Amino acid sequence: MTINRFWQLDSHPQGNDFAAALSMQHETLSPLAEGEVRVAAHYLSMDAGTRMWMTPRTDGYQPPLPLGSKMVGLVLGPVTESRDPAFPVGAMVRGFGQWAEFTTVVPALSGLEVVDPTVADPREHFGALGMNAWTAYVGVHEVAAVKPGEWIAVSAAAGATGSLACQVAKNLGAHVIGIAGGPDKCRFLTEDLGVDMAIDYKADNVAALLATVPGGVNAYFDNVGGPILDAVLPNMAHYGRVAVCGMVAAYDSDVALPGPARFDQVLMRRLRIEGFFIPDFLHRGAEFMPVLRQWLDEGKLAMRFDETEGLENVLVAYDRMLSGKATGKVIVKVA
Ligand SMILES: NC(=O)c1ccc[n+]([C@@H]2O[C@H](COP(=O)([O-])OP(=O)(O)OC[C@H]3O[C@@H](n4cnc5c(N)ncnc54)[C@H](OP(=O)(O)O)[C@@H]3O)[C@@H](O)[C@H]2O)c1
């Protein structure tokens, strides 16, 4: 009889007070149903987008997580039991599971994938080869469609998705402006990622600095929305593209916030704005992976990990990620 520990969503969190809204629970694992797979979580991925699932909003890209459910998140680890021959016991897999020691899923419903065991650091399946990397690649290469020599701005640039978007854009020959909170993150952007301009949105005048970009900003990879988007729009080049990846500035709100104040600039500058959601692209992994793997092996795509140990510390890690205390990818080592 195996006991599983997991985090349960009891109520909708207020701001970052996750301890009041989630609790650690125990269960006895039941036998698998036909088609199910059980995974022992070695690592959990902390993702900003999951914050919206904790709200009662029904107009998001995912329905709200019902109260009383296990909290959902990306999991990486070996299969321990299987009733699906495509996922044999021992295979290392990644997919949407639960904040738990053991996660039980139907593979097709959780995007479960066997990952490449030849990757030296398995954390890279949450890093340069993970969902954030796929998001960065699709957003920069296809949605923002950045060309060599163009200027692209990236918000939440020192986070998981943003730091990869900066690197993908550099690898594609663009000039990169990273926007992040605080001097340490700006130093990381210039010294480690090699961006051409770093803007500290907590201290600098974002609009005034963007106004110095020669010819304007050709593309914007937006992770944040809110006031930063309002600072970028009037500084876009004509025919610029905005890839709407995320709106983390508003994820802890139970209702949608008002749209951009400078929406007029979409017409004045003939901009194209397009939202994209990586689960729509999961079938194209075989196309993205060789590019990402080559960049990883060549040292052109790297992830800084912010690792917290222990399932009992998940809420600390989640807060580190959302409140901007962490640089790079926030993960929890479970086993
Ligand atoms: N469309 C998709 O399919 C997809 C897939 C993955 C991720 N995303 C999006 O990508 C974004 C980043 O997600 P992630 O998981 O990689 O998290 P992350 O960037 O590693 O962490 C979140 C970051 O957001 C910044 N932030 C938080 N509140 C902010 C605010 N009010 N204003 C400005 N910045 C704020 C913080 O950085 P600072 O210290 O700089 O404030 C924090 O480090 C999210 O919007 C997420 O929804 C979208």
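1. In this predicted model, the C-alpha centres of domain 1 and domain 2 are 28 Å apart. The domain assignment of the protein chain places residues 3–125 and 303–333 in domain 1, and residues 131–279 in domain 2.

2. The two domains touch: 17 residues of domain 1 are in contact with 16 residues of domain 2. On the domain 1 side, the residues that touch domain 2 divide into 5 nonpolar, 8 polar and 4 charged.

3. The ligand has a shell of 27 residues, and the closest of these are G159, T161, G181, G246 and G324. Two or more residues of the shell come from each of the helical segments α3 (131–143), α4 (160–171) and α10 (314–322). The largest share, 3 residues, is that of α4. Sorted by class, the shell holds 15 nonpolar, 10 polar and 2 charged residues.

4. Strand β12 (residues 217–222) pairs with strand β13 (residues 236–244) in the parallel sense, over 5 bridges. One of the positions to look at is A219, whose bridge partner in β13 is R241. Together with helix α7 (residues 226–232), β12 and β13 make a β-α-β unit, and the unit is right-handed.

5. Strand β13 also runs parallel to strand β14 (residues 272–275), to which 4 bridges join it. Here V244 stands opposite G275 of β14.

Key:
Residues are numbered from 1 along each chain as its sequence is written. This is a predicted model: local features need pLDDT of at least 70, side-chain atom pairs count only at pLDDT 80 or more; totals for chains, interfaces and linings use all residues. Domain bounds come from an automatic or database domain assignment. Two residues are in contact if their C-beta atoms, placed from the backbone, lie within 7 Å. Ala, Val, Leu, Ile, Met, Phe, Trp, Tyr, Cys and Pro count as nonpolar, Asp, Glu, Lys and Arg as charged, and the others, Gly among them, as polar. Two strands pair if DSSP finds at least two bridges between them. A crossover is right-handed if, with the strands pointing away from the viewer, the path from the first strand over the helix to the second runs clockwise. A residue is near a molecule or strand if its C-beta atom, placed from the backbone, lies within 6 Å of it.
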